[in-house]
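Subject: Structure handover

Hello,

Here is the structure I promised to pass on. Please open it first, then read the notes below.

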Number of protein chains: 2
Amino acid sequence: MQRTEIRSLATSVTDYIDSEVTVCGWVKTIRDSKALGFIELNDGTTFQNLQIVFEESKLENFKEVCKLNVGSAVSVCGSVVLTPNAKQPFEIHAAKITVEGVSAPDYPLQKKRHSLEYLRSIAHLRPRTNTFNAVFRVRSVAAYAIHKFFNDRGFVYAHTPLITGSDCEGAGDMFRVTTLDPLNPPTNEDGGVNYKEDFFEKPTSLTVSGQLEAECMALAFSNVYTFGPTFRAERSNTPRHAAEFWMIEPEIAFADLSDDMRLAEDMIKSVMGYVLDHCPDEIRFFNDFYDKTLLQRLQHIISSDFGRVTYTEAIELLIPHKDEFEYPVYWGCDLQTEHERYLTEKIFEKPVFVTDYPKEIKAFYMRLNDDNKTVAAMDCLVPGVGEIVGGSQREERLDVLLSRMKELGLREEDYSWYLDLRRYGGAKHAGFGLGFERLIMYMTAIPNIRDVIPFPRTTGSAEF
Amino acid sequence: MQRTEIRSLATSVTDYIDSEVTVCGWVKTIRDSKALGFIELNDGTTFQNLQIVFEESKLENFKEVCKLNVGSAVSVCGSVVLTPNAKQPFEIHAAKITVEGVSAPDYPLQKKRHSLEYLRSIAHLRPRTNTFNAVFRVRSVAAYAIHKFFNDRGFVYAHTPLITGSDCEGAGDMFRVTTLDPLNPPTNEDGGVNYKEDFFEKPTSLTVSGQLEAECMALAFSNVYTFGPTFRAERSNTPRHAAEFWMIEPEIAFADLSDDMRLAEDMIKSVMGYVLDHCPDEIRFFNDFYDKTLLQRLQHIISSDFGRVTYTEAIELLIPHKDEFEYPVYWGCDLQTEHERYLTEKIFEKPVFVTDYPKEIKAFYMRLNDDNKTVAAMDCLVPGVGEIVGGSQREERLDVLLSRMKELGLREEDYSWYLDLRRYGGAKHAGFGLGFERLIMYMTAIPNIRDVIPFPRTTGSAEF
């Protein structure tokens, strides 16, 4: 018999009443008293469990079923019965239960609360818990929402390379990618590594950003975005840093910083709205068990008009409160999370874009403003977190870009193709980056990045 | 004034007639005679160019515009005029043309035919050509079609790790990922590399497949898929191999090989149908300039019921034709592309699944059939290419899997988490892998994988 997913039952149970169905899934709880037993079954197609009622008088293998451990896989053939007076709206009365795979008695996910730290050590099994069932579905739905948002607007999804010979943000902590002998690499006459013998015949690393390549695509397709893995080899053991994470980087041509902010605001609201619509059970669960303000916080973001403030104005707004901060506030300082949160939570009480930062604290490719001191950069700050998006208008003027690169000691020949974009039909353009895991952490109230990635990679850890 | 994308004009031109619009884009061709000029403008939002008509009597900067080189970026304010007797359905009569960015006279994309090999050397500019405008839009639309297909069926999109400490398909050609000093790595007492000092405190590589991790997710969510980059460090300089490529790997629980084949068939048809619907201009272009049988070939696939044949039957069908092949055909041989193409093109004349291969030529995790000689594997062969999808039902029986691993010399401790999936509620499950670039090559008739990836990585080449 064709399997019916619990999701299908849950969304249109009236189609199934009094008919026989086969459901498959994993036993979350099981109990029996005398001739009657109950299984809470989850098949992962929905957050909700399905109650299975089974009776000794109907099942040949009643005793075998009663002895099943939590975690066992079963398929159940039975009839759908509405239960208007019970907690769940319907249940299955089993006519037949087939054991697909038993679960050994040492199954690590017995029915009790486990710490997130412990669950990380069994990342291959944790998707079966309520928390990770919800987290990874939200992650999946949010990813789809992002693709849908950009697709609906005609953006081209660009796959930028992961292995790179260049380094977008200047020298950074990058992973080297190599096929050379790790112990005895081939050497040159001068005693250095002979990269001519490496796979790509030069040193290569894992990318920290697809932006520069996305700019090439934007200057052909007008509107593009990337959505793929990025890497940082920073040895920072914090709840917010992973060595491998996913990033969304839109890039738009014939567009300035205002267009860029409008796009970021629209995208954030659209994705959050989509997740609220499509994962109501999951968000309610996070609201109940992780952060009682979550739902309100998300709805507030969706309904706010994001604020706009220049960095210079923001500093003026912060200075009167300087005694409340650990880090000093002055024009030229890099905003710390405490400053960002104060701005968005206390001063604006909603998301806010801070724009036009001092050029010294921003990247070489950001467009120089007429004051010659600031660049057309923007960070989007949200309550509870601080920065969630960082972007800028890009410097499209060849002469200005070249002189900025010179100031910073960047070599022209390393960026010849990037400079070509300014030689041949350059146009004003802008873009931003959104760390996908930060967004998921925000939408689930899960405090550690290790718990929003199925198999996280962090300093000293690449298990599974 | 708000910019209007050429795509919007093209899809609903009647909304714009007699109204003033601003379009932006790059000059593909420009010509003038006396007081009148014409620009073919492309903004990348659609395959089609837009004709701009400009007159000396209306433009202050007529002379400047006339001197523009191909590749220049302009914005044009003007009125939309229907041209029922011309090749294109409408054009813009310019009231104002603003030069956003000139193009230097040595712009490499002058109006003439360039070889694909040459265009690879200017990968940062080639998206502006007709071919790559079409290829990368098809790539984007196909990626969306894949996400939509799985999302519509409730599959969870799982991000499996790129950096891995394990090796799915047995020892293979993998890229090492490291932060150790390339010249003087730290060593152990025994003289080997001391990986305890590496970033992850052990040797790590770039993944060749997300399958094993996807199995963990499928045994929680029932239906999952991955869609992300994968890597092979094979030094094979062929038109079909890249070192970095994208792969789609669905994994379904409570499902067998038949379910797996049905899913693959549905997915291929759905994605091809979506691309035909959403990229008619692009596919027509490829049909006209790259392969006159393309459209017919794609439509044939969509309307065929894919065949099913066992490997054993396939060998029997091929043996009578053995003289037509370069490679020998016998039970136990690995099918070569010539054999695969003969089956799908000559014998079945449509796509065909070949199933139940000898276990010796397939991976350890494939489910052993009752004959003890073959495994529940399937390859999907399509006319013109051969294999496009490879998949299998996975071995869910712990004892059978362990004995197969022992035969192959795989160490139990290296796969403990994978084996756990069989200890705790294992269920029959299956999946397959589809190389995304192979699919794009098939749908565009572009013969070289280097030309369907924006910035390809191949042996000796990691430019841009």
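**The interface**

Between them, chain A and chain B bury about 9,100 Å², and 61% of that area is on carbon and sulfur atoms. Three residues stand out on the side of chain A: H159(A), F199(A) and Y424(A) supply 9% of the area that chain A buries against chain B, more than any other three residues. Please keep in mind that this is a predicted model.

The contact itself involves 115 residues of chain A and 115 residues of chain B.

What holds charges across this interface? The rule finds two salt bridges between chain A and chain B. In one salt bridge, the side chain of K202(B) meets that of E463(A), at 3.6 Å from N to O.

Which helix of chain A gives the most to the side that touches chain B? It is helix α4 (residues 130–152) of chain A, with eleven residues. The residues on that side of chain A divide into 56 nonpolar, 33 polar and 26 charged.

Strand β8 (residues 176–178) of chain A pairs with strand β8 (residues 176–178) of chain B. The sense is antiparallel, over three bridges. Look at R176(A): its bridge partner in β8(B) is T178(B).

**Symmetry**

How do the two copies relate? A rotation of 180 degrees, with 0.0 Å of shift along its axis, superposes chain A on chain B. The RMSD is 0.0 Å. The two copies are therefore related as by a two-fold rotation axis. Which C-alpha of chain A is nearest the axis? That of V177(A), 2.5 Å from it. The same surface serves both copies, as 100% of the contact residues of chain A recur in chain B.

**Within the chains**

Now for some features inside each chain. Over all chains, a search of the whole structure finds 56 salt bridges. One to look at is in chain A. R423(A) forms a salt bridge with E412(A), and their closest N and O atoms are 3.7 Å apart. R423(A) lies in helix α12 (residues 416–423) of chain A, and E412(A) in the loop between α11 (398–407) and α12 of chain A, so the pair ties together parts that are eleven residues apart in sequence.

In chain B, start with strand β5 (residues 90–101), which pairs with strand β3 (residues 50–55) of chain B in the parallel sense, over three bridges. There, Q51(B) has E91(B) as its bridge partner in β5(B). Strand β4 (residues 73–82) of chain B also pairs with β5(B), in the antiparallel sense and over ten bridges. In this pairing, the bridge partner of V76(B) in β5(B) is I97(B).

Best wishes

Notes: Residues numbered from 1 in each chain as written. Chains lettered and ligands numbered in written order. Predicted model: local features only at pLDDT ≥ 70, side-chain atom pairs only at ≥ 80, totals over all residues. Heavy atoms only, no water. Contact = heavy atoms within 4.5 Å. Buried area = accessible area lost by both parts, 1.4 Å probe. Salt bridge = Lys/Arg side-chain N within 4 Å of Asp/Glu carboxyl O. Helix = DSSP H or I, 4+ residues; strand = E, 2+ residues; numbered from the N terminus. Nonpolar A, V, L, I, M, F, W, Y, C, P; charged D, E, K, R; others polar. Pairing = 2+ DSSP bridges. Least-squares fit on C-alpha atoms with pLDDT ≥ 70 in both.
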